[in-house]
Amino acid sequence: MPKIHARNASLGVDNSSAACTPISGMTNNITLDYSADTPEVTAFGDNTQQNLHDGIKSWELSFDAFFETGATGVDATLFNIVGASTRFNFGPTGSTSGSISYTASAVLSKYNMKFGVNDSGQVSGTFVPRSGSLTRTTWA
């Protein structure tokens, strides 16, 4: 199984005009959490085992990036889509043909800016599900 280097990861987000805008050039951390609830369906008479049922799946994608002020930069792209329906494409190994891609309809629920005296300006954000599910495919 080949190992990958995180520096090749890509993240593209639909901006307020629905055009996919790459932000991975300024991104320095991306985390995709994918989980499922496992509701317990154990009856009072089941005293030797706990029974779990298939649950609802959910995901959350969070990222950290450097603050950038260009017209198509990170801040201009993200500030205008906070709370709005959007779509993202996340490629852990990049966006070349045949690479794995995770895509979903999402809402940017959090957008944070941080500026320290001896540090670079940074932003972070969190995408949560809007509709549909997280799709795993490959770049065409």
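Reader: In which element does Lys57 lie, and why is Lys57 called exposed?
Author: Lys57 belongs to strand E4, which covers residues 57–66, in what is a predicted model. Its relative accessible area is 56%, and because exposed means over 50%, Lys57 is called exposed.

Reader: What does Lys57 touch, not counting residues up to four places away in sequence?
Author: Lys57 touches Tyr34, Ser35 and Ala36 on that count; for Tyr34, 23 residues apart from Lys57 along the chain, the C-alpha atoms of the two are separated by 7.4 Å.

Reader: Why is Ser99 called buried, and where is Ser99 placed?
Author: Ser99 sits in the loop between strand E5 (85–91) and strand E6 (100–114). The relative accessible area of Ser99 is 9%, and since buried means under 20%, Ser99 is therefore called buried.

Reader: What makes the pairing of the side chains of Ser99 and Thr96 a polar contact?
Author: The two side chains are 2.9 Å apart in this contact, to be set against a cut-off of within 3.5 Å for a pair of N or O atoms. Ser99 also touches other residues, among them Thr137, Thr138 and Trp139.

Reader: How do you know that the side chains of Asp14 and Arg87 meet in a salt bridge?
Author: The N to O distance between Asp14 and Arg87 is 3.2 Å, and the cut-off is within 4 Å, so the pair counts as a salt bridge. This pair links distant parts of the chain, with Asp14 in strand E1 (residues 10–14) and Arg87 in strand E5, 73 residues apart.

Reader: Why is Arg87 called partly exposed, whereas Asp14 counts as buried?
Author: Arg87 has 31% relative accessibility, which falls between the 20% and 50% cut-offs, so Arg87 counts as partly exposed; Asp14, at 11%, is under 20% and therefore counts as buried.

Note on methods
Residues are numbered from 1 along each chain as its sequence is written. This is a predicted model: local features need pLDDT of at least 70, side-chain atom pairs count only at pLDDT 80 or more; totals for chains, interfaces and linings use all residues. Side-chain values use heavy atoms; hydrogens and water are left out. Helices (H or I, at least four residues) and strands (E, at least two) are DSSP runs, numbered from the N terminus. Buried means under 20% relative accessible area, exposed over 50%, partly exposed in between (1.4 Å probe, protein chains only). Contact means heavy atoms within 4.5 Å. A polar contact is a pair of N or O atoms within 3.5 Å; within protein, one must be able to donate a hydrogen and the other to accept it, and residues adjacent in sequence count only if both atoms are side-chain atoms.
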